Amino acid sequence: MYRQKIETYFKEHREEFLADLSRLVAVNSERGEKEEGYPYGRGPAAALKEALEIAERFGLHTENWENYLGIVELKADQERTLDIMAHLDVVPGGEGWTVTEPFVMKEEDGKVYGRGTSDDKGPALAAIYALRAIKELGVPVEKNVRIMLGCDEECGSSELDYYFAKTKPAEMTFTPDADFPVINVEKGHFSGVFTADFEAEETLPALRSFKGGVKSNVVPSKAEAQVEGLEENILSDAIEKVGKETGVAFSCEEREGCFHIFADGVSAHASTPEEGKNGIVALLLLLSELPLKGDAAEKMRSLYQLFPYGDVNGKAAGIYLSDEESGQITVSLDILNFDGKHLEAEFDSRTPICANDENLAPVREAAEAAGLHFSGSLSKPHHVPADSDFVKTLLTCYEEYTGLEGKCLYTGGGTYVHGIENAVAFGCCMPGEETRMHGPDERISVETLLTSGMIFTEAVARLCR
């Protein structure tokens with residue numbers, strides 16, 4: 001019954017909303033050096049101060065919890081039914097921006113550009129405006145709702161330990177830090193490390209070193225290897241062949257009798273390895289085409305057999321899994337280092353609900369059969385039933401304000417709510433919308449932010465009445 005009023009309210013407050021968002025974007029809130037009173041540096045604390053001042057202007061109850069996080073509540077000193085968990089810290093501004101500078105918000109063609117517009121200052125502000133709309137429109141709610149504004153989501157979410165040391169989870173929780181309609185499944189995480197030690201290899205041609213990867217959750221674009229005693233024409237032929245097969249660019253340099261080989265692919269998040277071109281795996285394929293001798297070269301071939309180029313679902317490793325609610329497993333070899341004496345490699349896997357120690361054991365068995373020591377760990381997925389009243393209410397709100405089908409999604413990534421009972425990701429990115437999150441020209445449409453605010457207002461009204 002309040003839909004028309006809610007829609008009108010957000011349209012009338014469009015310019016004020018954008019002015020407030022501009023204030024937030026202007027603060028470089030990437031994590032800085034810890035100081036007394038500033039656990040994540042001064043940038044996140046400054047953004048928190050701005051956000052709380054905005055909420056105070058609307059007559060909402062606010063608290064700053066020692067610059068770890070802040071809270072905004074509709075009703076002070078009342079147990080809350082709903083938590084909305086957003087964050088104000090951002091990744092570094094970086095280079096390559098073309099529309100504006102990272103911390104100068106600009107509107108162009110119906111979109112706002114700037115670091116944090118989509119992740120997660122814009123969504124956080126949409127939630128604040130939702131509470132403002134509830135208050136100013138007189139929408140009747142009996143139960144309390146709290147917005148938690150975190151300051152360390154991009155660097156580990158350590159503020160959640162602080163938060164839950166002081167309070168218990170709400171009956172229901174959502175975070176506007178992902179996609180609409182509703183993400184009710186966040187996959188589990190299976191990581192594994194392979195190691196091996198070697199004697200110095202004297203038979204030529206031989207592999208002398210390998211280096212690739214920066215983080216275990218990032219598909220590596222680059223890798224490099226050093227080989228000795230190889231004929232140049234054999235290497236050139238292999239580079240041409242593997243380059244065509246993979247689309248990865250290879251180059252090499254000869255230095256002091258050794259060839260240094262470089263692979264240059266495309267980076268991606270480990271939860272979506274199909275979007276990248278893995279430089280490590282491509283270079284392993286190249287090495288497997290070369291007549292390299294010795295135990296180290298053989299171990300590299302064994303690794304390639306477990307993680308062949310293009311296999312991002314663990315089929316070769318014997319751990320392919322899939323279920324209807326959470327989709328297929330993803331697997332990505334993301335770190336590999338060899339210095340001539342010691343090899344260490346690490347893979348990242350996002351696992352469906354059906355994964356367990358038993359059906360993931362084949363990769364351990366295959367590694368040990370190849371003479372590689374293996375250690376691994378599995379963390380559970382996060383799952384809220386799609387038929388719960390909470391999820392069904394959120395989907396209904398989404399459908400009413402967008403006219404789009406509401407359905408549950410799964411993700412290989414993780415959000416604030418992973419592990420919190422009855423908690424899901426809800427917004428703010430609309431289906432098909434490209435936000436360039438974490439990259440240059442981060443952006444989001446103004447319509448998306450305002451519609452998100454409307455949806456959040458309706459959701460609060462229904463869940464807290």
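I take buried to mean under 20% relative accessible area, exposed over 50%, and partly exposed in between (1.4 Å probe, protein chains only). Accessible areas come from the Shrake-Rupley method with a 1.4 Å probe, and for residues, only the protein chains shown count as cover. Helices (H or I, at least four residues) and strands (E, at least two) are DSSP runs, numbered from the N terminus.

I note that this is a predicted model, in which local features need pLDDT of at least 70 and side-chain atom pairs count only at pLDDT 80 or more, while totals for chains, interfaces and linings use all residues. Residues are numbered from 1 along each chain as its sequence is written, and side-chain values use heavy atoms, with hydrogens and water left out.

**Entry 1: salt bridges**

I looked up salt bridges, counting a side-chain nitrogen of Lys or Arg within 4 Å of a carboxyl oxygen of Asp or Glu. Side chains of opposite charge can pair when their charged atoms come close. My search of the whole structure finds 28 salt bridges.

I began with Arg14 and Glu107, whose side chains meet in a salt bridge at 2.5 Å, N to O. Arg14 lies in helix H2 (residues 14-25) and Glu107 in strand E4 (residues 106-108), so this pair ties together parts that are 93 residues apart in sequence. Arg14 is partly exposed, with a relative accessible area of 24%. Glu107 is also partly exposed, at 36%.

I then went to Glu228 and Arg208, which form a salt bridge of 2.7 Å, N to O. This pair links distant parts of the chain, with Glu228 in strand E13 (residues 222-228) and Arg208 in strand E11 (residues 206-212), 20 residues apart. Glu228 is partly exposed at 26% relative accessibility. Arg208 is partly exposed at 23%.

Why are Arg23 and Asp20 separated by about one helical turn? They are three residues apart in helix H2, and that spacing accounts for the turn between them. Is Asp20 buried or exposed? Asp20 is buried, with a relative accessible area of 3%. Arg23 is partly exposed at 29% relative accessibility.

**Entry 2: a charged patch**

For patches I used residues with over 30% relative accessible area and no salt bridge, where like charges are joined within 9 Å and nonpolar side chains (Val, Leu, Ile, Met, Phe, Trp, Tyr) within 5 Å. Which residues gather in a patch of negative charge on the surface? They are Glu324, Glu325, Asp387 and Asp389. I located Glu324 in the loop between strand E17 (322-323) and strand E18 (327-328). Glu324 is exposed, with a relative accessible area of 80%.

Thr246 is found in helix H6 (residues 232-246) and is buried, with a relative accessible area of 8%. A polar atom of the Thr246 side chain lies 3.1 Å from the backbone nitrogen of Val248.

Asn313 lies in the loop between helix H8 (295-306) and E17. Asn313 is buried, at 16% relative accessible area, and its side chain reaches the backbone oxygen of Ile329 at 2.7 Å.

**Entry 3: backbone geometry**

I looked up cis peptide bonds. One joins Phe180 and Pro181, with omega about 5 degrees. Pro181 lies in the loop between strand E8 (178-179) and strand E9 (182-186). The peptide bond from Gly427 to Cys428 is cis, with omega near 5 degrees, and Cys428 is found in strand E25 (residues 428-429).

I then looked up positive phi values in residues other than glycine. Asn67 has phi near 65 degrees and sits in the loop between strand E1 (61-65) and strand E2 (69-73). Asn67 is buried, with a relative accessible area of 14%. Asp77 has phi near 55 degrees and sits in the loop between E2 and strand E3 (80-87). Asp77 is exposed, with a relative accessible area of 78%.

Conventions. Lys and Arg count as positive and Asp and Glu as negative; His and the chain ends are not counted. The place of a charge is taken as NZ of Lys, CZ of Arg, CG of Asp or CD of Glu. A polar contact is a pair of N or O atoms within 3.5 Å; within protein, one must be able to donate a hydrogen and the other to accept it, and residues adjacent in sequence count only if both atoms are side-chain atoms.
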